[in-house]
Amino acid sequence: MNKQQLTAIQPLHVFDESIFETIVDDLVTKGFSIQENGLPDFITQALLDCQRSISEAEYKTAGIGRAENYKKATNVRGDEICWITGSSQEGALWLAWCEAMQQYINRSLFMGLFSFESHFACYEPGKFYKRHVDAFKGQGNRVLSLVGYLNEDWLEEHGGELVIYNSSDDVDGTKVLPKKNTLVVFLSEQFPHEVLPATRTRHSIAGWFRVNGSVNDNIDPPR
């Protein structure tokens with residue numbers, strides 16, 4: 001994607017909001033939304049271009065927890081991640097699209113979404129992320145989770161499904177194949193989920209919309 005193409009589509013007002021409307025409807029009725037073609041082609045292409053420009057050294061072993069509670073735990077998750085800062089035009093386009101989604105959701109549902117953070121994730125064959133929630137109730141400011149997939153020609157036999165559970169008692173869940181352009185959005189505190197092992201390398205993008213948890217002079221999320 002060249003500079004002229006990015007410039008032509010980057011302003012927020014040009015984004016098609018129909019997918020945002022569908023996501024809002026699903027959040028109201030189910031608390032989660034699974035859209036097989038939820039990522040527009042130009043967004044997926046921008047993400048792929050951005051991903052290809054990242055060196056292997058920029059990917060880091062992912063961990064669990066936050067701040068002083070952060071630790072690496074390869075028995076829990078095995079992905080390598082690289083945060084998206086928006087320093088590239090392609091990364092900035094992705095963040096602008098997510099900002100448009102954030103604004104639409106705030107207008108529709110008054111969720112008070114304040115910021116967004118996002119990273120690429122790479123799971124090598126056999127790697128996984130055990131069942132977890134993105135935010136414990138009342139203990140975090142991640143309120144809405146987003147996952148997008150960048151995998152061409154992904155088949156059921158490749159595995160690597162995202163499994164979304166309706167509750168802590170749910171043992172079956174809803175499985176989502178990590179096929180290119182598929183987008184999943186769900187309430188962070190409400191839905192436990194996991195990533196199953198795959199037989200081929202699996203690429204995704206994960207993101208979280210957050211509310212403002214600032215107290216006194218402690219800015220949260222940090223700027």
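Visitor: How do you know whether serine 204 is buried or exposed?

Guide: Its relative accessible area is 4%. Buried means under 20%, exposed means over 50%, and partly exposed is in between, using a 1.4 Å probe and protein chains only. So serine 204, at 4%, counts as buried. A quick note on where this comes from: the model is predicted, so local features need pLDDT of at least 70 and side-chain atom pairs count only at pLDDT 80 or more, while totals for chains, interfaces and linings use all residues. Residues are numbered from 1 along each chain as its sequence is written, and side-chain values use heavy atoms, with hydrogens and water left out.

Visitor: What does serine 204 touch?

Guide: Its contacts (heavy atoms within 4.5 Å) include His119, Phe120, Val147 and Tyr149, leaving aside residues up to four places away in sequence. Serine 204 is found in strand S13; helices (H or I, at least four residues) and strands (E, at least two) are DSSP runs, numbered from the N terminus.

Visitor: What makes S13 largely enclosed?

Guide: Count the buried residues: 8 of the 9 in S13 are buried, so the rest of the structure largely encloses this strand.

Visitor: How do you know that S6 and S13 pair?

Guide: Two strands pair if DSSP finds at least two bridges between them. S6 and S13 have 9 bridges and run antiparallel, so they pass that test. Histidine 119 faces alanine 206 in S13. S8 also pairs with S13 in the antiparallel sense, over 7 bridges, and leucine 146 has glycine 207 in S13 as its bridge partner.

Visitor: Why is methionine 111 called partly exposed?

Guide: Its relative accessibility is 23%. You'll find methionine 111 in the loop between helix H4 (89-109) and strand S6 (115-123). Among the residues methionine 111 touches are Ile105, Val143 and Leu187, again not counting those up to four places away in sequence.

Visitor: Which residues touch the most other members of the largest nonpolar core?

Guide: Trp94, Trp97, Met101 and Phe120 do, out of 37 residues in that core. A nonpolar core is a set of buried Ala, Val, Leu, Ile, Met, Phe, Trp, Tyr and Cys residues joined through side-chain atoms within 4.5 Å. H4 gives the most to this core, with 9 residues. There's also a second, separate core of 15 residues, which includes Phe32, Tyr123, Tyr149 and Phe191. Back to Met101: methionine 101 touches Phe20, Ile23, Leu146, Leu183 and Phe209, with residues up to four places away in sequence left out.

Visitor: Why do S7 and S10 count as edge strands?

Guide: They belong to an open sheet of 4 strands in the order S7-S12-S9-S10, paired antiparallel. Strand S7 (129-132) and strand S10 (174-176) each have a single partner strand, so one side of each has no neighbour in the sheet. Inside this sheet, S9 and S12 run antiparallel and are joined by 3 bridges, with valine 163 opposite glutamate 194 in S12.
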